[in-house]
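Please read the following walk-through alongside the structure.

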Amino acid sequence: MQVNPVMATEVDPVVLRVTDGCVELGGRPVLRGVDLTVTAGEVVAVLGANGSGKSTLVRTVLGLAPLRRGSVELFGAPVDRFRDWRRVGFVPQRVTATAGVPASVWEVVASGRLAHRPLVGPMRRRDREATRDALEAVGLADRARDGVATLSGGQQQRVLIARALAGRPELLVLDEPTAGVDLAQQDAFAGILGRLVERGTTIVLVAHEMGPMEPLVGRTVVMRDGRIAYDGAPLESFEDVPHAHAHHPPRPAVDYSPALAVPLDRATSPDEEHPS
Amino acid sequence: MSYLAYDFVQRALIAAFVTGLAAPAVGTYLVQRRQALMGDGIGHVAVTGVALGLVTNTSPTVTAVVVAIAGALVIEVVRQRGGASGDIALALLFYGGIAGGVFLTGLADQSATTLNTYLFGSITTVDIGDLWVTGGLAVVVVAVAVGLAPRLFAVAQDPEFAKVAGIRVTAYNVLVSVLAAVTVTVAMRTVGLLLVSALMVVPVATAQQLTRAFRDTLLLAMALGTAASVGGLLVSAEIDVAPGATIVLLALAGFAAAWPVGAWLRRRRRVTAPFAAPVLAREEPHTVVPEEHEHAHGPDCGHPAIVHGDHVDYVHDGHRHAPHGGHYDEH
Ligand SMILES: Nc1ncnc2c1ncn2[C@@H]1O[C@H](COP(=O)(O)OP(=O)(O)O)[C@@H](O)[C@H]1O
Ligand SMILES: [Mg+2]
Ligand SMILES: [Zn+2]
Ligand SMILES: [Zn+2]
Ligand SMILES: [Zn+2]
Ligand SMILES: [Zn+2]
């Protein structure tokens with residue numbers, strides 16, 4: 001990447017920027033005209049009901065969902081030309097961390113170092129140290145040699161968190177990392193996030209409910225139906241959005257789409273009913 | 001073992017050795033992606049490749065490599081596009097491959113025996129040219145599968161995470177497909193096209209009965225595959241059947257032997273796994289066991305002793321008893 005010598009001296013605080021982000025999945029708009037800017041050191045919570053587009057938003061930010069319109073920039077570079085992936089950590093929304101062949105906890109967490117490693121060759125000392133630190137941070141250091149499949153769901157979620165931490169990212173994106181994790185472990189997780197925040201890590205955290213992570217959050221974004229419905233001071237729940245409820249009187253639930261009718265449907269409609 | 005002195009047996013043994021190493025190496029990644037049958041699909045498509053070679057009087061090895069790679073790429077594209085129809089599209093490709101192969105062989109006026117040597121392997125047909133091609137391809141396959149293991153592992157384990165780690169996921173998926181196609185061709189002369197998938201998958205299934213880590217599974221599967229391949233070839237030379245059958249039966253025997261051991265290991269691991277310690281440093285509820293004990297629980301009292309946080313619980317009659325002062329606590 002070319003660096004303008006004048007620009008290089010001043011720090012650009014924008015870590016990620018989505019401009020007019022529109023995403024279609026399966027032929028339906030899932031993200032519609034989303035604008036979002038996150039600057040270095042911010043801790044942003046993304047809240048919203050199931051299916052409101054939270055996962056799609058973070059996947060778009062990371063270049064995993066194709067944009068229909070608009071643009072995404074990571075650390076100042078368009079996401080499809082961004083190459084500095086070691087600055088980014090990702091905890092995908094997942095139920096398990098297993099695949100068709102057994103893998104040890106160590107191996108899964110160590111794969112978080114790949115952006116730092118050359119194409120071939122063994123792990124170097126700093127890779128092993130970072131992997132071990134990440135395992136300690138989530139309290140799984142003693143399970144390093146165990147198979148991932150033998151861990152409980154909450155522990156597997158912690159493995160995925162450790163994998164993202166192992167890369168020591170500047171931007172950490174987490175998609176519902178505490179789903180299915182009990183309250184005590186959520187407390188422990190909030191502790192981990194707190195230490196990252198002190199280090200200046202930028203965090204985008206998708207959550208259903210804030211729980212013990214609430215005091216860490218500096219800003220809340222609420223998604224509704226593929227749009228950003230709220231962007232401002234922290235909220236405890238997406239139901240707290242001011243003026244969250246409809247400004248329009250409720251409309252009768254009628255779907256009028258004649259183009260989608262098929263012959264057999266028509267035969268059962270009242271005015272064309274005929275005994276056969 | 002006088003037959004070992006024959007040149008053709010020695011060539012076949014070398015071919016079996018490299019095949020035994022390469023097939024499970026690629027098979028491990030296919031199993032990890034839950035595509036255990038992909039090798040089978042490529043094998044079926046490669047039948048058409050062999051037949052093309054027979055019809056045109058060119059080397060069946062070369063035409064098989066080309067057609068197998070093309071078939072593997074089509075399968076990968078179908079997999080990427082996904083959807084319910086993907087399964088059907090693959091089935092069409094498999095059947096088309098084998099039917100086309102049999103049809104073309106008939107056109108070429110070749111006897112079924114010629115095609116059979118490719119379908120189920122043969123120890124008499126590995127000539128020196130085949131051996132160089134097979135050996136060279138196998139070395140490349142093993143070098144890539146082992147050398148790039150960390151990346152290939154990450155891509156198969158979690159493609160989205162791999163992409164965010166800056167790995168070109170599509171390129172690595174195509175690479176695995178090409179490796180699988182090349183492996184099918186490498187294995188064609190020994191196990192044969194119809195059974196090659198077994199040598200890619202069965203050693204992996206056997207290895208994972210005994211292992212917990214990916215790396216261990218990969219290496220053990222390669223060792224088991226080599227043993228089955230070389231052993232099966234020797235048996236087939238002895239009793240004069242197609243080597244594919246004896247190799248696969250030997251691999252399956254290995255699985256049958258490992259399965260009870262694996263079941264026992266898994267059960268043992270589950271039973272001896274530590275009880276979850278409380279995450280918060282709050283006290284365990286203090287419930288004194290009311291009953292008297294006839295013996296003191298201890299290292300060799302015979303009851304399973306399971307680690308629980310900073311102490312040990314003794315398990316019996318559905319209870320967990322932790323020694324505390326002069327009594328036991330119910331945990
Ligand atoms: N691959 C896909 N194909 C079609 N529709 C999808 C796909 N992924 C998600 N969707 C749809 O997009 C909407 C938003 O999904 P998602 O971003 O996962 O929501 P959230 O994470 O907020 O629960 C949902 O209505 C979902 O059904
Ligand atoms: Mg989601
Ligand atoms: Zn006892
Ligand atoms: Zn106890
Ligand atoms: Zn007792
Ligand atoms: Zn007590």
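Helices here are DSSP runs of H or I with at least four residues, strands are runs of E with at least two, and both are numbered from the N terminus. The coordinates belong to a predicted model.

The phi of B:Asp240 is near 60°, a positive value in a residue that is not glycine. Most residues other than glycine have a negative phi. The relative accessible area of B:Asp240 is 69%, so B:Asp240 counts as exposed, the cut-off being over 50%.

A:Phe75 is not a glycine either, and its phi is about 45°. The residue sits in the loop between strand S4 (69-74) and strand S5 (77-78) of chain A. Is A:Phe75 buried or exposed? With a relative accessible area of 17%, A:Phe75 is buried, because buried means under 20%. A:Phe75 also belongs to an aromatic cluster, together with A:Phe82 and A:Trp85.

The next topic is the ligand.

Several polar atoms of the shell can be followed to oxygen atoms of the ligand. For A:Lys54 the atom is a backbone N or O, 2.9 Å from an oxygen atom of ligand 1. For A:Ser55 a polar side-chain atom lies 2.7 Å from an oxygen atom of ligand 1. A:Thr56 likewise places a polar side-chain atom 2.5 Å from a ligand 1 oxygen. On its own, ligand 1 has 570 Å² of accessible area, and the protein covers 56% of it.

The aromatic rings come next. A pair of aromatic rings is described by the distance of the centres and the angle of the planes. Over all chains, five aromatic pairs are counted. One of them joins B:Tyr29 and B:Phe214, with 5.7 Å from centre to centre and 45° between the planes, a tilted arrangement. B:Tyr29 is part of helix H1 (residues 7-32) of chain B and B:Phe214 is part of helix H11 (residues 214-239) of chain B, so the pair ties together parts that are 185 residues apart in sequence. Both B:Tyr29 and B:Phe214 are buried.

Rings also meet charged side chains. Within chain B, the charged end of B:Arg320 sits over the ring of B:Phe275, 3.5 Å from the ring centre. Between the chains, the charged end of A:Arg163 sits over the ring of B:Phe161, at 3.7 Å from its centre.

Another link between the chains is polar. The side chains of A:Asp146 and B:Arg212 are joined by a polar contact of 3.3 Å. A:Asp146 lies in the loop between helix H4 (125-137) and helix H5 (153-166) of chain A. Its relative accessible area is 18%, so A:Asp146 is buried.

What lies 3.0 Å from a polar atom of the side chain of A:Thr220? The backbone nitrogen of A:Leu235 does. A:Thr220 counts as buried because its relative accessibility is 0%.

In chain B, B:Leu104 is found in helix H4 (residues 85-107) and is buried, with a relative accessible area of 19%. From B:Leu104 to B:Val182 the C-alpha to C-alpha distance is 22 Å, and the two are 78 residues apart in sequence. In chain A, A:Glu239 lies in the loop between strand S10 (227-232) and helix H7 (263-267). A:Glu239 counts as exposed, at 56% relative accessibility. The C-alpha atoms of A:Glu239 and A:Pro78 are separated by 33 Å, and these residues are 161 residues apart along the chain.

How values were computed: Residues numbered from 1 in each chain as written. Chains lettered and ligands numbered in written order. Predicted model: local features only at pLDDT ≥ 70, side-chain atom pairs only at ≥ 80, totals over all residues. Heavy atoms only, no water. Polar contact = N/O pair within 3.5 Å; in protein donor to acceptor, adjacent residues only side chain to side chain. Areas by Shrake-Rupley, 256 points an atom, 1.4 Å probe, with all protein chains shown as cover. Phe/Tyr/Trp six-rings, centres within 6.5 Å; stacked < 30°, edge-to-face > 60°. Buried < 20%, exposed > 50% of the residue type's maximum accessible area, 1.4 Å probe, protein only. Lys NZ or Arg CZ within 6 Å of the ring centre and 35° of its normal.
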